[in-house]
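Look at the structure first, then read on.

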Amino acid sequence: MRDKAAPYASPYVTGVGIGVVLLLAFVLMGRGLGASGAFSSVVAAALNTTAPSHAAANAFYTGYLSDGATNPLKDWLVLEIIGVVIGGLASGLLAGRMRWTTERGTGITDRRRLVNAFAGGTAMGVGAKLARGCTSGLGLTGGATLSVGSWLFIIAAFVGAYAAAPLLRRAWR
Amino acid sequence: MMAPLYEFGRFGDGMGLVIAVLLGIAFGWFLEQGGMGNARKLAGQFYFTDLSVLKLMFSAIVTAMLGLFWLSWAGLLDLSRVYVPETFIAPQLVGGLVFGVGFATGGLCPGTSCVAAATGRKDGLALIAGMFAGVFVFGEAFPAIGHFADSTARGAWTLPQAVGLSYGTVVGVIVAVALGAFAGAEWLERRAERPARRMKIAA
């Protein structure tokens, strides 16, 4: 691990890199990248363990649970997200960017930032499930395959973000 | 040899899961390299000071879109076997708005929160916890709102079908829009970097 953090790479270069990874997913698997689906699989699996009858009665959870013979965590997206964590860790280690810290603006406390992150995550969890995807599964995969709903989602997400941003200025200054 | 290879039975489920991990590693690597594990950098997108999110997303979309288009044109890939996320107009518009508010509040998206957490950012961990809570809230509300979530279904509907133009024309338009967006992003960032000069001009 290095003492000084390396500067971030160009977003154009890393964007093209992610585009090649996405293209490889299409060429090899016939499907794209995603993220929020992995969270759904984990929640459905957790409920299936703690409250199986409750999970079995709900069509949303059963959609993420297979016939019971195989483990739902063996889902393609769950393994892909495990890979994302490994890749992010490797990159952070090699670039000297590992920090046990809370990223925030100077206008708020660490505690407030963590509350905001949790609240934002909750809103994104609801929004992503309603839309059937997030910035990865709809934004990147649906964007590249020219899905109408994905482009509507991308536009709506940026409208929502820009509408909320002025109210959150203090949190990021 | 015809792509997608998995769809044409070139390898099985086990190999597919190995590929999931490998592609995930590369995805996470590039996200971290681009600074997407840092919520402060991402949030710059919403205040026009750092438009890395827009540049990275558009670069990735254009790269994969052109790759699909050329491979299909060359007869190396069967586009009809590539999964297109299905359209549900109303829930995707409403879900997008809710997601966007969460994005500006949390400063990370579901994928980038994993990279933030992997590099030690506590806000990344908090956001992951929030995602689990949000999915659970949606799941519990599903019996009541499932009808809306399944409404206005249009299937695997694509932009060329919707606007009545050829696939190649739509690809060309998106490339042009992306290039325009890159130029706009560079201009906005230059403007944000020189506040003193901007004030002088204003005065």
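## Cavities

A cavity is a set of grid points where a 1.4 Å probe fits but cannot get out. This is a predicted model. The structure holds two cavities of 30 Å³ or more.

Helix α7 (135–144) of chain A supplies at least two lining residues, and so does each of α1 (13–33), α3 (52–73) and α5 (110–118) of chain B. By class, the lining has 10 nonpolar residues, four polar and no charged.

## The second cavity

The second largest cavity has a volume of about 50 Å³. Among its lining residues are Phe153(A), Ile154(A) and Phe158(A) from one chain, and Phe46(B), Phe99(B) and Phe103(B) from the other. Helix α8(A) gives the most to this lining, with five residues. The lining divides into nine nonpolar residues, two polar and no charged.

## Where the chains meet

In chain B, 119 residues are in contact with 113 residues of chain A. The area buried between them is about 10,200 Å², and carbon and sulfur atoms give 76% of it. Phe27(B), Tyr47(B) and Phe99(B) lose the most area on the chain B side, together 7% of what that side buries.

Five salt bridges are counted between chain B and chain A. One joins the side chains of Asp123(B) and Arg113(A), at 2.9 Å from N to O. Helix α6 (residues 122–149) of chain B gives the most to the side touching chain A, with 22 residues. That side of chain B has 78 nonpolar, 29 polar and 12 charged residues.

Notes:
Residues are numbered from 1 along each chain as its sequence is written. Chains are lettered from A and ligands numbered from 1 in the order in which they are written. This is a predicted model: local features need pLDDT of at least 70, side-chain atom pairs count only at pLDDT 80 or more; totals for chains, interfaces and linings use all residues. Side-chain values use heavy atoms; hydrogens and water are left out. Contact means heavy atoms within 4.5 Å. Buried area is the accessible area (1.4 Å probe) that two parts lose on being put together, summed over both. A salt bridge is a side-chain nitrogen of Lys or Arg within 4 Å of a carboxyl oxygen of Asp or Glu. Helices (H or I, at least four residues) and strands (E, at least two) are DSSP runs, numbered from the N terminus. Ala, Val, Leu, Ile, Met, Phe, Trp, Tyr, Cys and Pro count as nonpolar, Asp, Glu, Lys and Arg as charged, and the others, Gly among them, as polar. On a 1 Å grid over the protein atoms alone, a cavity is a set of points where a 1.4 Å probe fits but cannot get out, and a pocket is an open set with protein on both sides within 12 Å along at least five of seven lines; lining residues have an atom within 4 Å of a point. Grid points are joined across faces, edges and corners, and a volume is the space filled by probe spheres set on the points.
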